[in-house]
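Please give a short briefing on the structure below, for someone who has not seen it before. Group the points by topic.

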Amino acid sequence: MTFTHFGLLCSGGDSPGMNCAIRAVVRTALFHGVQVTGIKRGYAGLLRGEFQSMNLSSVGNIIQRGGTVLQTSRSAEFMKPVFRKKAVEILRAQRIEALVVIGGDGSFNGAKALWEEHQFPVVGIPGTIDNDVSSTEYTIGFDTAVQTAIEAVDRIRDTAHSHARTFLVEVMGRNSAAIAIKTGVCTGAENVLLPHEKVNHQKIVDDIQRGIARGKDSSIIVVAEGPTAGRSYEIQKVLRDNYQMDTHVVILGHIQRGGSPTSNDRFIASQMGNMAVEGLLSGRYPTVTVVQAGKVLLEDLANCVTKADHNFEEYQQLAQTLSI
Ligand code: F6P
């Protein structure tokens, strides 16, 4: 099929670098003479018909901006076939012939259903700070989020040292340990707690006391948030009530989702946006742009709709070994 008109949306949590991908999709499509319609606020906006025609200048001056100019949302409705049918009718009424979806595995499940139920051509671009989409080593926004977390922990370390304190610093990622592990190793954290790990409070106390005995003034424990944010407060309570150990909790939260994208995020997002369009134009769909062995390429969509299965225990051990 020769395409003349693409739709483009962001879905799920935003991530720094999404704008670089939007820019690359729009500019590559226009380069090939293909019209692009931006869909505001993800699948929810699609169902409400929130469209915006994109031209060369609609994506000018956005490469350096965090967030997404198209905005985003998580849509519960889109999980139901009846609403996906409605969405395809809306797309076809607009004469949109294919859809580029920037988001995580949940968003790609929606895209996969559009293809399987209605043969609507789709290509995904992985954008989430969690770096947890299967078949890709990288998702747009991860590098920026980690950099933000590292800068925050460095600041916390300054005051932790001055007051000889222990901090539990909780980072985002839900069930993914990716941000926690990289932040922990890169900040010299004394320990990194993985999302589903049963916390060994005695070991935390022993490690901290061993550090104090050898002259350490501060300890940082990076806590992966897990299914619900705020897990650090429970750990703090057990350490206080059962081990008489005082700690301070800092939950970094949404500051990790904002900010200007790093060069890595800009570079990969630019390649992915370009490749998504080239993929559609050459009939490579349904696919997702991925990084494998350090290269950006296209992977079957069906292989990108689950959570990545990374094993982070070796890096957890690395953080501990280097901070003895
Ligand atoms: O999936 C991205 C993410 O930032 C997770 O790391 C975090 O748990 C979640 O989104 C927060 O979602 P919300 O912005 O809807 O609170």
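Contact here means heavy atoms within 4.5 Å. Helices (H or I, at least four residues) and strands (E, at least two) are DSSP runs, numbered from the N terminus. This is a predicted model, in which local features need pLDDT of at least 70 and side-chain atom pairs count only at pLDDT 80 or more, while totals for chains, interfaces and linings use all residues. Residues are numbered from 1 along each chain as its sequence is written, and side-chain values use heavy atoms, with hydrogens and water left out.

**Helix 6 and its cover**

- Helix 6 (residues 178-187) is largely enclosed by the rest of the structure, because 7 of its 10 residues are buried (under 20% relative accessible area, with exposed over 50% and partly exposed in between; 1.4 Å probe, protein chains only).
- Those buried residues are Ala178, Ile179, Ala180, Ile181, Thr183, Gly184 and Thr187.
- The cover over them includes helix 5 (142-163), strand 6 (166-171), strand 7 (191-193), strand 8 (219-224) and helix 10 (313-322).

- In strand 4 (residues 98-103), 6 of the 6 residues are buried.
- Cover is found on both faces: Ala98, Val100 and Ile102 are buried on one side, and Leu99, Val101 and Gly103 on the other.
- Strand 4 pairs with strand 1 (residues 5-10) in the parallel sense over 5 bridges; two strands pair if DSSP finds at least two bridges between them.
- Within that pairing, phenylalanine 6 has alanine 98 of strand 4 as its bridge partner.
- Strand 4 also pairs with strand 5 (residues 122-126), in the parallel sense and over 5 bridges.
- Here valine 101 has glycine 124 of strand 5 as its bridge partner.

**The ligand site**

- Around the ligand are Arg74, Ile129, Asp130, Met172, Gly173, Arg174, Glu225, His254 and Arg257, a residue being near if one of its heavy atoms lies within 4 Å.
- An N or O atom in the side chain of aspartate 130 is 2.7 Å from an oxygen atom of the ligand.
- For glutamate 225, a side-chain N or O atom is 2.3 Å from a ligand oxygen atom.
- Histidine 254 has a polar side-chain atom 2.8 Å from an oxygen atom of the ligand.
- The protein buries 76% of the 400 Å² that the ligand exposes when taken alone (Shrake-Rupley method, 1.4 Å probe).

Definitions and conventions:
A polar contact is a pair of N or O atoms within 3.5 Å; within protein, one must be able to donate a hydrogen and the other to accept it, and residues adjacent in sequence count only if both atoms are side-chain atoms.
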